[in-house]
Amino acid sequence: MFAIFDNCLTKKECKIYLNRIESWYGNCITSKKNPMAWESRILNISREPICERIQKFIETKVNVKTSLQSAELQCWPINSYSSPHVHNDEFQPNGRRDLSDYNSLLYLNDNFSGGEFFTETGLTVKPTPGRLTFFDGSIVTHGVNKVLDHHRYTMIFWWKQTKFK
């Protein structure tokens with residue numbers, strides 16, 4: 001299963017979250033942290049109301065009951081990318097142990113080139129602010145093409161399936 005939903009956030013809401021992660025990333029760089037280091041590029045938002053809103057939205061669109069494992073605002077700086085991978089219970093290069101069943105990506109901006117989300121089956125997702133994806137990241141091999149200009153900003157969710165509705 002791979003689903004794409006448009007207009008999950010308004011452009012104004014996207015801008016609010018975009019400003020937060022831009023500020024976070026800028027402060028990390030100003031404090032001389034490595035701009036490519038994962039901890040400089042993410043801001044945990046797992047306890048924020050937006051997570052429950054997105055969860056309810058997804059559950060009304062697909063026949064899966066989920067619980068949130070983690071949610072982050074992410075900056076993908078120029079020259080960053082993600083090699084094709086799946087989420088399983090192995091440790092990933094960033095040190096995270098992936099125990100999620102499903103993943104969602106919500107684009108916050110589209111003023112960059114490169115940085116497209118892709119799957120091994122040939123699907124490429126065009127970035128549009130407010131566009132949300134939902135897929136089984138433990139099965140669907142996916143990645144992010146190299147960001148060529150301007151930073152790419154997203155909201156990422158990791159979900160655990162609790163039961164079928």
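How exposed is lysine 160? I looked it up: lysine 160 is partly exposed, with a relative accessible area of 31%. My cut-offs are under 20% for buried, over 50% for exposed and partly exposed in between, with a 1.4 Å probe and protein chains only.

I note that the model is predicted, that local features need pLDDT of at least 70 and side-chain atom pairs pLDDT 80 or more, while totals for chains, interfaces and linings use all residues. Residues are numbered from 1 along each chain as its sequence is written, and side-chain values use heavy atoms, without hydrogens and water.

Next, salt bridges (a side-chain nitrogen of Lys or Arg within 4 Å of a carboxyl oxygen of Asp or Glu). I find 6 in the structure. Lysine 160 pairs with aspartate 101 at 3.7 Å, N to O. Lysine 160 sits in strand S12 and aspartate 101 in the loop between strands S4 and S5, 59 residues apart. Strands are DSSP runs of E, at least two residues, and helices are runs of H or I, at least four, numbered from the N terminus.

Arginine 131 bridges to aspartate 6, with the closest N and O atoms 2.5 Å apart. Arginine 131 is in the loop between S8 and S9 and aspartate 6 in the loop between S1 and helix H1, so the pair ties together parts 125 residues apart in sequence. Arginine 131 is buried at 16%; aspartate 6 is partly exposed at 41%.

Last, I checked asparagine 103. It lies in strand S5 and is buried, at 3% relative accessible area. Its side chain reaches the backbone nitrogen of glycine 137 at 3.2 Å.

Technical notes
A polar contact is a pair of N or O atoms within 3.5 Å; within protein, one must be able to donate a hydrogen and the other to accept it, and residues adjacent in sequence count only if both atoms are side-chain atoms.
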